[in-house]
Amino acid sequence: MTQFFEPLAGGVILGLSALLLLIASGRIAGISGILGNLLTIQPGNGWRWMFVLGLILGPIILSTTGFSLPAIEGSWAMMIAGGLLVGFGSAYGSGCTSGHGICGIGRLSPRSITSVMVFMITAAITVFIVRHVMGVA
Amino acid sequence: MNFLFALLAGIGFGMGLTISGMVDPQKVLGFLDVAGDWDASLAFVMGGALMVFIPGFQIVKKQLTSPLFEKSFFLPSANSIDKPLVIGAVLFGIGWGLSGICPGPAIANISGMEDKVFGFILAMLIGMIVARRINAK
């Protein structure tokens, strides 16, 4: 039960935060879009810097209540290859787990529903190949 | 006010990702490992977020003609399921499956000061720059 409570509670907080940004600023809480726009120096980026600052501060504030960030166990090769593909794929495909997964599906967007189905499947296939075919733990 | 609410939404997002377990790549990979010792709990993250955002978005759409601190909503206008959307999602999924990290959790993990997180973020930003160059052509 507790195993499912934290994911559910965390998910509800994510939904409320995305809704707060939409109501206050009319913006979609899509992290890849926010980061991609910050790569260009342009007017109107202020709210994006504030959101990213909050994203970093959230876990720091929570650390006072016993939550901690994990140790990263994956290899450097996985991190670099993963990072390149996550960055390229989310920018080329107009979104990631937050923009398509929460806000897009939340708007019942056919594009986002397609994106999430596709990346869930390729992610599961990738994990299958890495863990069960190549035998990397 | 825009900046304040973007900061609050960011803090909420960072807390939601931490509480839900999305910040832990090993947990994410366990969720994606459907053929192994499958940890289904992270399905409740998207479940919880959508439980709030789907009805919330419908209410906002009906009740608000504009957000509180902007003149209008900034919602994606693209409608067609095109090649970049699908190719991007395929590659994003592979990267997510290799690393267990997507853009939000990458940033939320910054205060953990792990070298590999910074490596992932750097690679991700390079991937985004390449995709944005291609998109701009």
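User: Which residues of chain A does the UniProt annotation "transmembrane region" cover?
Analyst: Residues 12-35, 47-69, 75-92 and 113-134, according to the unreviewed UniProt entry. Positions follow the numbering used here, feature names are shortened, and such annotations may be inferred rather than shown by experiment. This is a predicted model: local features need pLDDT of at least 70, side-chain atom pairs count only at pLDDT 80 or more, and totals for chains, interfaces and linings use all residues. Residues are numbered from 1 along each chain as its sequence is written, while chains are lettered from A and ligands numbered from 1 in the order in which they are written.

User: How much helix is there over 47-69?
Analyst: That span of chain A is 70% helix and 0% strand, with its end C-alpha atoms 25 Å apart. Helices here are DSSP runs (H or I, at least four residues), strands are E runs of at least two, and both are numbered from the N terminus.

User: And 113-134?
Analyst: Residues 113-134 of chain A are 95% helix and 0% strand. The end C-alpha atoms lie 30 Å apart.

User: How many helices and strands does chain A have?
Analyst: Six helices and zero strands. The C-alpha trace of chain A spans about 45 × 40 × 30 Å along its principal axes.

User: Switching to the interface. How many residues of chain A are in contact with chain B?
Analyst: 96 residues of chain A, against 104 of chain B. Contact means that the C-beta atoms, placed from the backbone, lie within 7 Å. Helix 1 of chain A supplies the largest share of the chain A side, 22 residues. That side divides into 61 nonpolar, 29 polar and six charged residues. Nonpolar covers Ala, Val, Leu, Ile, Met, Phe, Trp, Tyr, Cys and Pro; charged covers Asp, Glu, Lys and Arg; the others, Gly among them, are polar.

User: What does I23(A) touch, neighbours within four places in sequence aside?
Analyst: V60(B), L64(B), P67(B) and L68(B). I23(A) lies in helix 1 of chain A.

User: Is I23(A) buried or exposed?
Analyst: Buried, with 20 other C-beta atoms within 10 Å. The cut-offs: buried is 20 or more other C-beta atoms within 10 Å of a residue's own, exposed is 12 or fewer, partly exposed is in between, with C-beta atoms placed from the backbone.

User: Why is helix 2 of chain A largely enclosed?
Analyst: Six of its eight residues are buried, so the rest of the structure largely encloses helix 2 of chain A. The buried ones are I31(A), S32(A), G33(A), I34(A), L35(A) and G36(A). Their cover includes helix 3, helix 4 and helix 5 of chain A, plus helix 5 (103-108) and helix 6 (115-136) of chain B.

User: Where does helix 3 of chain A bend?
Analyst: At I56(A), by about 25 degrees, and a proline, P59(A), follows within four residues. The bend is the angle between axes fitted to the seven residues ending there and the seven starting there. The buried residues of helix 3 of chain A pack against helix 1 and helix 2 of chain A, together with helix 1 (2-20) and helix 5 of chain B.

User: Last topic, the largest nonpolar core. Which residues touch the most other members?
Analyst: A18(A), I102(A), A49(B) and F53(B), out of 84 residues. Helix 1 of chain A gives the most to this core, nine residues. A nonpolar core is a set of buried Ala, Val, Leu, Ile, Met, Phe, Trp, Tyr and Cys residues joined through C-beta atoms within 7 Å.

User: What is A49(B) in contact with, leaving aside neighbours within four places in sequence?
Analyst: G11(A), V12(A), L14(A), G15(A) and I102(A).

Methods: Contact = placed C-beta atoms within 7 Å.
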